Structure formats: structure tokens, C-alpha cells
Amino acid sequence: MDKRLFIVFEGIDSSGKTTQAELLKNSLIANQELAVISPEPSNGIIGNLIRQALKQRIIFSKDRDLFDRQMAYLFAADRHDHLYNDVDGVFKLIKDNYHVISTRYYFSSLAYNCDSIEEFDFIQKLNDRFPNPDLTIYIDIPIEVSLARLRNRSLQEIYETKVKLTKVREQYQKIFSAYQGQAIAIDGTQDQQDIHQIIAAQVQALVQAKNA
Ligand code: TMP
């Protein structure tokens with residue numbers, strides 16, 4: 001059995017995923033563990049293509065439903081590469097004794113890339129062979145907080161609008177109320193260090209359980 005963890009952070013844009021992923025990685029390293037952050041979209045070729053599309057440097061279709069479907073296919077392809085590539089894939093890193101922390105995973109496809117129940121089912125099918133993480137941390141913030149934080153950034157991406165983020169947050173709440181795997185939901189408006197302490201305690205307990 002693998003003794004390393006695959007940990008995922010989820011949440012709407014600017015919820016603090018990257019900050020908390022960094023704090024968690026540093027605390028694991030301080031405890032003499034190996035740990036890396038490996039995001040989605042990934043740093044691989046498909047991930048880069050996706051980032052161009054999010055910035056609208058590439059436009060697959062002006063029809064938003066077709067665009068979302070194209071993105072869902074690309075994210076699934078990127079996810080497969082992110083998990084299974086032999087160079088820096090999640091499972092290669094776990095085999096090399098690293099805890100792997102991903103900012104975003106298939107929950108983001110379910111939250112962002114569909115606007116109807118039919119499309120939700122389609123995205124669920126597209127992703128149903130990907131394994132669940134050992135722990136998923138959902139950081140929840142109000143839309144106004146997200147928008148205020150996004151205003152301080154120079155470039156707006158395609159999904160960073162009030163209407164879209166409102167739907168995405170509702171989707172996340174539905175997904176995690178039904179999710180059967182190991183997950184925690186955290187109020188992301190709390191102090192960063194307080195949030196980190198909650199996460200670090202959960203992760204430490206899992207590390208000890210794996211090593212037992
Ligand atoms: P980031 O802001 O965390 O770098 O993510 C970039 C965008 O990608 C964000 O708006 C959410 C979106 N996204 C999807 O639409 N579907 C997915 O499956 C993933 C992983 C991200």
C-alpha cells in the first residue's frame with residue numbers, strides 16, 4: 001500500500017487554494033516528509049493549451065455550451081496525463097515517496113464545465129475512472145470576497161465573472177454534500193494560519209494512519 005497521500009484543494013477562484021497548498025507543503029517538509037504541489041490545469045502540454053483557452057488566446061467555439069464541452073474533454077485528457085505520465089505524474093511522484101498536493105481535480109470539471117444536469121452526467125462519466133484523492137479540502141468563500149480578490153489581478157480569465165462563480169459555488173456545495181469520499185469543507189474567510197492549522201491536523205492524522 002502507498003504510504004504517501006494524494007491531497008486535493010478545491011474552491012472558487014481566489015479562495016486561497018494556492019496559499020494553503022504552499023503552507024501545507026512547507027509544514028510537511030518541516031516534518032521531514034517529501035511533498036510537492038502539482039496543479040490542474042497541469043504544467044504539461046495539454047495544461048498549457050487549456051491556459052491559453054482560459055485567457056481566450058484560443059477560441060474553440062463562441063457557443064458557450066460547446067466551449068464548455070471542449071474544455072471538459074481537454075481537462076479530462078490533461079487529468080489523465082497529470083496522474084499517469086512517467087516523468088512527473090502524480091502516481092510516479094507517490095511511488096517516489098512524495099505526498100502530492102493538487103490545486104484542483106475532477107471536482108472542478110463538475111463545478112465549472114457544465115450548466116445542466118445532462119452535461120453534469122456527461123462530465124461525471126468522462127471522469128469516472130479517475131481515483132478519489134486521500135483527502136479533498138474544499139475552501140468556501142462568498143462570491144463578493146472572490147470578486148474583490150480577483151479585482152487585484154491584472155488579467156481576467158473566462159470563468160471569472162460574478163454569474164459564473166455564483167453557479168460554480170452552488171455546484172461545489174451540491175458536489176460535496178453528496179460526495180462519499182474523504183473531504184472537509186473550510187470557511188476560507190478565516191485567518192490563513194487558522195485555516196492551515198485545521199488542514200495540517202487532518203493531514204497529520206492521515207499520515208500517521210498510513211504509517212501505522
Ligand atoms: P486556477 O485559477 O486554479 O489556475 O484554474 C484555472 C481555471 O480552470 C479556473 O477558472 C477553473 C478552471 N477549471 C475548469 O474549468 N475545469 C477543470 O477541470 C479544472 C481543473 C479547472
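A residue is called buried when its relative accessible area is under 20%, exposed when it is over 50%, and partly exposed in between (1.4 Å probe, protein chains only). The structure described here is a predicted model, in which local features need pLDDT of at least 70 and side-chain atom pairs count only at pLDDT 80 or more, while totals for chains, interfaces and linings use all residues. Residues are numbered from 1 along each chain as its sequence is written, and side-chain values use heavy atoms, with hydrogens and water left out.

Helices (H or I, at least four residues) and strands (E, at least two) are taken as DSSP runs and numbered from the N terminus. A salt bridge is a side-chain nitrogen of Lys or Arg within 4 Å of a carboxyl oxygen of Asp or Glu. Lys and Arg count as positive and Asp and Glu as negative, whereas His and the chain ends are not counted. By these criteria K17, which belongs to helix 1 (residues 17-30), is buried but has no salt bridge. The nearest side chain of opposite charge to K17 is that of D13, 6.0 Å away. The side chain of K17 does reach the backbone oxygen of I12, at 3.2 Å. With neighbours within four places in sequence set aside, the contacts of K17 (heavy atoms within 4.5 Å) are F9, E10, G11, I12, T103, R104 and I139.

One of these contacts, R104, is in the loop between strand 3 (98-103) and helix 5. R104 counts as buried because its relative accessibility is 12%. A polar contact is a pair of N or O atoms within 3.5 Å; within protein, one must be able to donate a hydrogen and the other to accept it, and residues adjacent in sequence count only if both atoms are side-chain atoms. The side chain of R104 makes such a contact with the side chain of Y112 at 3.1 Å and with that of Y172 at 3.2 Å. R104 also forms a salt bridge with D13, where the closest N and O atoms are 3.9 Å apart. This pair links distant parts of the chain, 91 residues apart, with D13 in the loop between strand 1 and helix 1. Both R104 and D13 are buried.

The search of the whole structure gives 10 salt bridges. Among them is the bridge between R4 and E33, at 2.8 Å from N to O. R4 is in the segment before strand 1 and E33 in the loop between helix 1 and strand 2, 29 residues apart. R4 counts as buried because its relative accessibility is 15%, and E33 is likewise buried, with a relative accessible area of 15%. Another salt bridge joins K167 and D115, at 3.5 Å from N to O. K167 is in helix 8 and D115 in the loop between helix 5 and helix 6, 52 residues apart. K167 is partly exposed, at 39% relative accessibility, and D115 is also partly exposed, at 46%.

A nonpolar core is a set of buried Ala, Val, Leu, Ile, Met, Phe, Trp, Tyr and Cys residues joined through side-chain atoms within 4.5 Å. The largest such core has 40 residues, and those with the most contacts inside it are F6, I12, M71, Y105, F107, Y112 and Y172. Helix 3 gives the most to this core, with 7 residues. Apart from it lies another core of 18 residues, including L135, I195, V203 and L206. I12 is in contact with K17, R104, Y112 and Y172, among others, when neighbours within four places in sequence are left aside.

Two strands pair if DSSP finds at least two bridges between them. Strand 4 (residues 135-140) and strand 5 pair in the parallel sense over 5 bridges, and T136 has A183 in strand 5 as its bridge partner. In a regular strand the side chains alternate between the two faces of the sheet. Strand 5 (residues 183-187) has I184 and I186 on its covered face and A183, A185 and D187 on its uncovered face.

Some backbone features lie in loops. The peptide bond from E40 to P41 is cis, with omega near -5 degrees, and P41 is in the loop between strand 2 (34-37) and helix 2. Q32 is not a glycine but has a positive phi of about 65 degrees; Q32 is exposed, with a relative accessible area of 72%. N97, also not a glycine, has a positive phi of about 80 degrees and is found in the loop between helix 4 and strand 3.
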